[in-house]
Amino acid sequence: MTDEDDSDRYRAPALDKGLDILELLAGIDGGVTQAEIAKRLGRSPNEFYRMLDRLVRRGYVTRLEGDRYSLTLKLFGLAQLHAPVRRLAAYAAPFMRELAVTSKQANHLCVFDRGAVVVVAQQEAPEYWGISIRVGSHMSLFNTGSGHVLLAFRSDKERELMIAEYEHHLDDRLVLDDHQDRLERIREHGYEIMPSAQTAGVFNVSAPVLGPDGRAIAALTCPYISVLNVPDAPDVEAVGRMVVATAGKLSELSGADIRQN
């Protein structure tokens, strides 16, 4: 039996068809219609109706206005929670420990995954008091500092897809007033400091961990609280500078040229 005969023996036409669609959409910006998909793949439009329906229902593809189809960020999210994120968390650990010691505060590292902000690493505060967020926790994209940073340092197209996935998966959407202006200010300043929407007296201090293309691959956040029994504890502005510096070191490890951001 030849290699070609062997490959035909184990063919999975439905799977091949789905992968053909995903690979095609990955190289197209703005989406394409079902007819255009069929034309580019050299098949009948009717062959793709059920497959597109399943891909939409499973969250891999979204349907845009004008019956156009485009990839969501689900594949990107799945990849983010695989080996690259584990490596990032491992590399970040000593820097996060140093940040905790110098800031006297806890901190955590988050990524975007399928409509939510997910904590992938966490460092306890060195003193008795601190706000800790459990690894694996899913948080809001709109009312957390981490979510704002992850949105701010992405392209307009990616941001639209992230928000669309957020609205699809979560029912408790908190609309961010003037969010475009706020995200622009975050990009300009390079970080976010905001009162926690969940816990009184806590300020979220967040900065992006950037990849080689200048987009946020993660957010480093310190849930800052005033520690009254530690006289030399830095204030929130000083902690903000520490978070930005630590996120910059992690960005350099990821291959980003932070001098251009």
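User: Which residues in α2 meet Ile37, Arg40 and Leu41 in α3?

Analyst: Keep in mind that this is a predicted model. Helix α2 covers residues 13-26 and helix α3 covers residues 34-41, and the two pack with their axes 11 Å apart. The contact residues divide into five nonpolar, no polar and two charged. On the α2 side, they are Asp20, Ile21, Leu24 and Leu25.

User: And how are α2 and α3 set relative to each other?

Analyst: Their packing angle is about 100°. Angles of 65 to 115 degrees count as roughly perpendicular. So α2 and α3 are roughly perpendicular to each other.

User: What about α7 and α9, at what angle do they pack?

Analyst: His148, Val149, Leu151 and Ala152 in α7 meet Arg182, Leu183, Ile186 and Arg187 in α9. By class, that gives five nonpolar, one polar and two charged residues. The axes sit 9 Å apart, and the angle is about 80°.

User: Which strands stand at the edges of the six-stranded sheet, and why is one side of each left without a neighbour?

Analyst: The open sheet runs β6-β5-β4-β9-β8-β7, with antiparallel pairing. A strand with a single partner has one side left without a neighbour in the sheet, and that is so for β6 (138-139) and β7 (192-195).

User: Which helix packs on that sheet?

Analyst: Look for the one touching β4, β7, β8 and β9. Its direction makes about 20° with that of β8. That's residues 236-253, helix α10.

User: Last one: what is the bridge partner of Phe112 in β5?

Analyst: Strands β4 (residues 107-113) and β5 (residues 116-123) run antiparallel and are joined by seven bridges. For Phe112, the partner in β5 is Val117.

Technical notes:
Residues are numbered from 1 along each chain as its sequence is written. This is a predicted model: local features need pLDDT of at least 70, side-chain atom pairs count only at pLDDT 80 or more; totals for chains, interfaces and linings use all residues. Side-chain values use heavy atoms; hydrogens and water are left out. Two strands pair if DSSP finds at least two bridges between them. Helices (H or I, at least four residues) and strands (E, at least two) are DSSP runs, numbered from the N terminus. Contact means heavy atoms within 4.5 Å. Axes are lines fitted to C-alpha atoms, for helices over the stretch in contact, and angles run from 0 to 180 degrees between N-to-C directions. Ala, Val, Leu, Ile, Met, Phe, Trp, Tyr, Cys and Pro count as nonpolar, Asp, Glu, Lys and Arg as charged, and the others, Gly among them, as polar. Angles under 35 degrees count as roughly parallel, over 145 as roughly antiparallel, 65 to 115 as roughly perpendicular and the rest as oblique.
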